[in-house]
Every structure is written in structure tokens, then in C-alpha cells.
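Here are a few notes for a first look. Please keep the sequence and the 3D view open while reading.

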Amino acid sequence: MTMPELDEIIHQPVRLRLMAALVAIKSGESAEFTFLRDMLKVTDGNLGAHLRRLEEAGYIESTKTFVDRKPHTYVSATTAGRKVFRNQVAALEEILKGSGGLKGRK
Amino acid sequence: MDISPSEAEKTLASIRETDDQMRKAMNAAGGGYQMLIWGIIMMIGYTLNQFGEHLSVAVVAGTWIVLSVIGNAVSVVMSARMARKFHSPLGARIGAMLPIFVLFGFVAAFFVHPAGPREINLLIYLLVMLWLAMMGLWVKPSMLWISLIFTGLMLFGYVVLPDYFFLWLAIVGGGAMIGSGLFLLSGRG
């Protein structure tokens with residue numbers, strides 16, 4: 001049996017959770033940098049590096065704006081990013097199903 | 001890239017956990033706490049309306065003013081927090097809709113002259129539910145269903161229990177609002 005194709009860029013744990021968070025919000029909506037940092041329990045530098053990697057791949061886009069005169073960065077998943085994430089979840093489920101691990105799951 | 005089934009299972013579990021955290025955060029910022037607060041305010045305020053016959057109008061009105069100030073302050077703070085965490089093209093429009101509905105409520109009350117306090121409160125309630133239904137259509141489908149159920153319950157109380165309508169608003173209206181707030185905060189909404 002052939003192993004389903006996994007995307008190496010988003011397979012990294014922080015990047016995968018980051019994509020999971022961004023895909024949970026509606027298309028066109030975005031989440032703020034510090035909110036994501038606190039939720040994922042990572043440092044500013046760590047999150048920034050992962051965001052850059054995902055942005056280079058075209059999976060996310062970020063917008064800088066001012067709220068109450070303070071700079072804020074908002075991040076959203078692109079259409080391509082949402083598609084790659086869905087495929088990644090499907091591939092992971094396929095691997096698990098192949099081992100019999102998804103039997104009886106919702 | 002090859003991974004083992006146990007690694008796939010762990011990865012899927014972390015995705016589910018993040019998705020759950022995100023939904024809870026969005027629901028808390030986007031209405032869960034507001035519903036909880038307004039539900040408590042309704043319970044206190046309408047209980048006073050029902051059983052406060054011996055109290056002066058100033059005491060009842062004063063209590064409602066204090067409660068409304070608290071409710072509005074919490075709503076403004078929560079909306080500001082929501083705007084900081086999440087950015088939505090619909091956010092500003094949704095925020096502007098509530099004062100517009102309030103304005104229409106005042107206009108309707110002033111020109112149409114509802115028959116009494118019960119009718120005025122029913123009118124306010126229906127306008128808030130209309131706002132919630134619009135939110136449901138634009139943002140979160142569960143809010144549309146909550147709005148329709150609340151509206152049905154309120155009309156039932158108004159028609160069937162006219163003498164206890166304020167108590168109905170307090171217990172059923174306020175209780176349903178608190179229940180919906182808790183439902184949203186659980187991340188299932």
C-alpha cells in the first residue's frame with residue numbers, strides 16, 4: 001500500500017497547529033499575531049519564523065494595521081493554504097484508517 | 001515523507017485540540033459572555049418589573065439604567081477585545097447594526113405608541129432577536145436558530161401568560177440567554 005502524500009511544510013507541529021487555527025476562522029477573516037502566539041504557546045521569534053515559512057509557501061497572508069494607534073499583525077489562511085490543510089488532514093486520516101485506527105471514530 | 005499511524009493519530013489529536021481552542025476563543029469573544037451578562041440583567045430587571053409593584057417607578061427605572069450601563073460597558077469591552085483578536089470585514093457592520101435597531105425601536109415606540117409596558121418590552125425583545133437573526137445569517141447559523149426559538153417562547157408567554165409576562169421574560173428569556181451564552185462558550189455553537 002502506498003503512503004498518502006503529506007505536505008512537509010505544514011507537517012511541522014507548530015505550523016500545522018497554526019494552520020488549524022487559521023482554517024477554523026472563516027475565509028476573509030484573520031487572527032491577530034499575539035493572540036496566536038499565546039494560544040500556541042510559542043515566542044514572538046518562533047511564531048514569526050513559522051509565519052514567514054508559511055507565507056513564502058503561499059499558505060497564509062499577513063496584514064499590518066493599527067488598532068488604538070498600536071501596530072498589529074493579522075494573519076489569514078489563503079485558499080491554497082486551506083486546500084493544502086484539508087488534504088493534509090485527509091492524508092493523516094488515511095494513514096490512520098490504513099492501520100485500522102479510525103474504526104468507530106466520528 | 002512517511003509517518004507511523006500512531007504519529008498520525010497524535011497529529012490529528014493536536015489539530016482537533018487547536019480547532020476546539022480556536023472555536024471557544026471565537027465564541028467567547030463573539031457573543032458568549034455578552035449573552036451571559038444580558039441574560040443575568042434580564043433576570044434581575046424583569047423580576048423587579050413583575051414583583052416591584054410596591055416600589056417607586058424611580059427605583060425600578062434606576063435599577064434598569066444601572067443594569068443597562070453595566071451590560072453596555074461589558075458589551076463594548078468584549079467587542080473591543082474581539083476586534084483586537086480577530087479581524088472581520090463584517091465586524092464594523094455588525095457593530096453598527098445594534099444601535100440602528102435601537103434607533104428604530106425608539107422611533108417605533110414614539111410613533112406607534114405600544115399599548116403598555118408589556119408591548120414596549122416585547123417590541124424591544126423582538127428587535128434584539130431580529131438583530132440576532134441577522135447575525136445568524138451573516139456570521140453564525142446557530143444564532144439564527146437561537147433567535148427563532150427565543151422569539152417563539154416570548155410570543156407564547158405574551159399570549160398565554162399576560163399577567164406573568166415579565167416573569168416569563170426574566171426566567172425563560174433571561175434563562176435562555178444564559179443557556180445560549182454557556183452553549184457558545186463551550187465551543188459547540
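1. Burial in chain A. This is a predicted model. Chain A has 106 residues, and 48% of them count as buried.

2. Elements of chain A. The chain holds 5 helices and 3 strands. Read from the N terminus, their order is α-α-β-α-α-β-β-α.

3. Contacts in chain A. Take the contacts between residues at least 6 apart in sequence. Of these, 56% join residues at least 24 apart.

4. Aromatic pairs. Over all chains, the count comes to 7 aromatic pairs. One of them joins B:Tyr158 and B:Phe165. That pair is edge-to-face, with 5.5 Å from centre to centre and 80° between the planes. The angle is over 60 degrees, so the pair counts as edge-to-face.

5. B:Tyr158 has 21% relative accessibility and counts as partly exposed. The cut-off for buried is under 20%, which is why B:Tyr158 does not count as buried.

6. A further partner. B:Phe165 also pairs with B:Phe166. Here the rings are tilted, at 6.4 Å centre to centre and 45° between the planes. B:Phe166 counts as buried, with 13% relative accessibility.

7. The cluster. Which residues do the ring pairs link? The cluster consists of B:Tyr46, B:Trp64, B:Tyr158, B:Phe165 and B:Phe166.

Key. Residues numbered from 1 in each chain as written. Chains lettered and ligands numbered in written order. Predicted model: local features only at pLDDT ≥ 70, side-chain atom pairs only at ≥ 80, totals over all residues. Heavy atoms only, no water. Helix = DSSP H or I, 4+ residues; strand = E, 2+ residues; numbered from the N terminus. Buried < 20%, exposed > 50% of the residue type's maximum accessible area, 1.4 Å probe, protein only. Contact = heavy atoms within 4.5 Å. Phe/Tyr/Trp six-rings, centres within 6.5 Å; stacked < 30°, edge-to-face > 60°.
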